[in-house]
Amino acid sequence: LREAFSTAVRFSEEPHGWLVFLGGSFCGKTHLAAAIGNHRIALGGQALRVEVYALFDYLRQSFHPNSDVSFDRRFQEIRAAPLLFLDNLKESGASTPWAEDKLYSLLNYRYNAHLPTVLTSALSADSFALSYPSLWNKLLDSSTCQILSINMPSYRRVLGSASNNTNMEKRVK
């Protein structure tokens, strides 16, 4: 966790390449990614954070007849964002082929354009590699990407048990 925190601090000061946080649910991945974005915004920069599946809903809205923006324009704005955070990348096959195609197109563009990107996923490194082999090969480029596995228990479980202990102590007193 210290390594992930230190890396997040360095990345927030000078975002270059890609930063990938892997780890179980509620271990701090999203918190670190959001802190990077908040710091960049506080410095006057721009950052876009979106949960992966909310992204596809947002893109699909451009197909509605009353949409004031075209799909191409909306997609271009997202893929060219100065700093993009894609939160909660799930296993391949959990979404439609269209969504997976758009995700690959988005990430491939950002990789080739050398745009700073942060990904979070609860997938293990092995599961990520199996679900997204082409993307995983890009992530293995250590000159561009840094992968950090956060091996911490869920904060909810830890906080929940601490809260229960506190309540228990209050009842005992």
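**Close-up views of a predicted model**

View 1. Strand β3 (residues 84–87) and strand β4 (residues 117–121) run parallel and are joined by three bridges, and in β4 the bridge partner of L84 is T117. This is a predicted model, in which local features need pLDDT of at least 70 and side-chain atom pairs count only at pLDDT 80 or more, while totals for chains, interfaces and linings use all residues. Residues are numbered from 1 along each chain as its sequence is written, and side-chain values use heavy atoms, with hydrogens and water left out. Strands (E, at least two residues) and helices (H or I, at least four residues) are DSSP runs, numbered from the N terminus, and two strands pair if DSSP finds at least two bridges between them. The open sheet has five strands in the order β2-β3-β4-β1-β5, with parallel pairing; its edge strands, β2 (48–51) and β5 (145–150), each pair on one side only.

**View 2. Helix α3 against helix α4.** Two packed helices are described by the angle between their axes and the distance between the axes. Here α3 and helix α4 (residues 71–79) pack at an angle of about 150°, with their axes 9 Å apart, where axes are lines fitted to C-alpha atoms, for helices over the stretch in contact, and angles run from 0 to 180 degrees between N-to-C directions. That makes α3 roughly antiparallel to α4, a term for angles over 145 degrees, while those under 35 count as roughly parallel, 65 to 115 as roughly perpendicular and the rest as oblique. The contact (heavy atoms within 4.5 Å) is made by L55, Y58 and L59 of α3 with F71, R74, F75 and I78 of α4.

**View 3. Helix α3 against helix α5.** The axes of helix α3 (residues 52–60) and helix α5 (residues 97–112) come within 11 Å and cross at roughly 100°, and the two helices are therefore roughly perpendicular to each other. From α3, the residues L55, F56, L59 and R60 meet W98, A99, K102, L103 and L106 in α5.

**View 4. The largest pocket.** The residues S25, F26, C27, G28, K29, T30, H31, D87, N88, T120 and A122 line the largest pocket, which holds about 230 Å³ of space. A pocket is an open set of points on a 1 Å grid over the protein atoms alone, where a 1.4 Å probe fits, with protein on both sides within 12 Å along at least five of seven lines, and lining residues have an atom within 4 Å of a point. The volume is the space filled by probe spheres set on the points, which are joined across faces, edges and corners. Helix α2 (residues 29–42) gives the largest share of the lining, three residues.
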